[in-house]
Amino acid sequence: MAILPILVYGDPRLEAANQPVEDFGEELQSLIEDLFETGWEAPGLGLAAPQVGINLRIATVDLSVGKDPEARVVLANPEIIFCRGKASLEEGCLSFPGLFTTIERPTALRVRAQDNGGRWREFEAEGLLAQTVCHEVDHLNGVLIVHHLRSMKRRLFMRRVEKMRKLGVWQSTA
Ligand code: NI
């Protein structure tokens, strides 16, 4: 297992196309371990492969941040089947370190994804899990929190991004 450098906003790999996972062999298993470990270390609730520079449709979610092995979710080739409800929720992203904004997210959803062994699973998620799954699936589609913001809110957020950059707080370790 290894802790991988997390790319920050501006790196083109965060917005590039992600290829479907086809090979569930050893290399993928070690990537999954690394995503979990990197997420725990950050710490964050989830991490998507493009955030560590690997443009594959895989992400990990662990709301327990390493405390509960049962809470670990692997999302390979995920598809959101339906969404229910709407809520304005505070959200951050490890690729925008230190910044938070509010985004409208569904309150519940149903997702279909392959697990670490390539088996298709379908499950429903609510609340924070639904929000986190949406966030990670967004990453796999090249969508970042800033893309959800419109007009004034987006300009204000981008001003904070520029400030972080100028202060040198955001130094990509990659
Ligand atoms: Ni993120």
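How many of the 14 residues of H2 are buried? In this predicted model, eleven of them are, and H2 is thus described as mostly covered.

**View 1. Helix H2 and its covered residues.** The buried residues of H2 include Ala130, Gln131, Thr132, Val133, Cys134, Glu136, Val137, Asp138 and Leu140, and both His135 and His139 are buried as well. From its first C-alpha to its last, H2 reaches 20 Å with its 14 residues, which is close to the 20 Å expected at 1.5 Å a residue. After the helix comes Gly142, with a positive phi near 75 degrees.

View 2. His135 and His139 are separated by about one helical turn, because they lie four residues apart in helix H2, which spans residues 127-140.

**View 3. The largest nonpolar core.** This core has 16 residues, and those with the most contacts inside it are Tyr9, Phe96, Leu99, Phe157, Val161 and Trp170. The element that gives the most to this core is helix H3 (residues 151-166), with three residues. Apart from this core lies another, of 14 residues, among them Phe24, Leu31, Leu35 and Val74.

**View 4. The surroundings of Tyr9.** Leaving aside neighbours within four places in sequence, Tyr9 is in contact with Leu14, Glu15, Ser95, Phe96, Leu144, Val146, Met158, Val161, Arg165 and Trp170. Among these contacts, Phe96, Val161 and Trp170 also belong to the residues with the most contacts inside the largest nonpolar core.

Definitions and conventions:
Residues are numbered from 1 along each chain as its sequence is written. This is a predicted model: local features need pLDDT of at least 70, side-chain atom pairs count only at pLDDT 80 or more; totals for chains, interfaces and linings use all residues. Side-chain values use heavy atoms; hydrogens and water are left out. A nonpolar core is a set of buried Ala, Val, Leu, Ile, Met, Phe, Trp, Tyr and Cys residues joined through side-chain atoms within 4.5 Å. Buried means under 20% relative accessible area, exposed over 50%, partly exposed in between (1.4 Å probe, protein chains only). Helices (H or I, at least four residues) and strands (E, at least two) are DSSP runs, numbered from the N terminus. Contact means heavy atoms within 4.5 Å. The expected span of a helix is 1.5 Å times one less than its number of residues.
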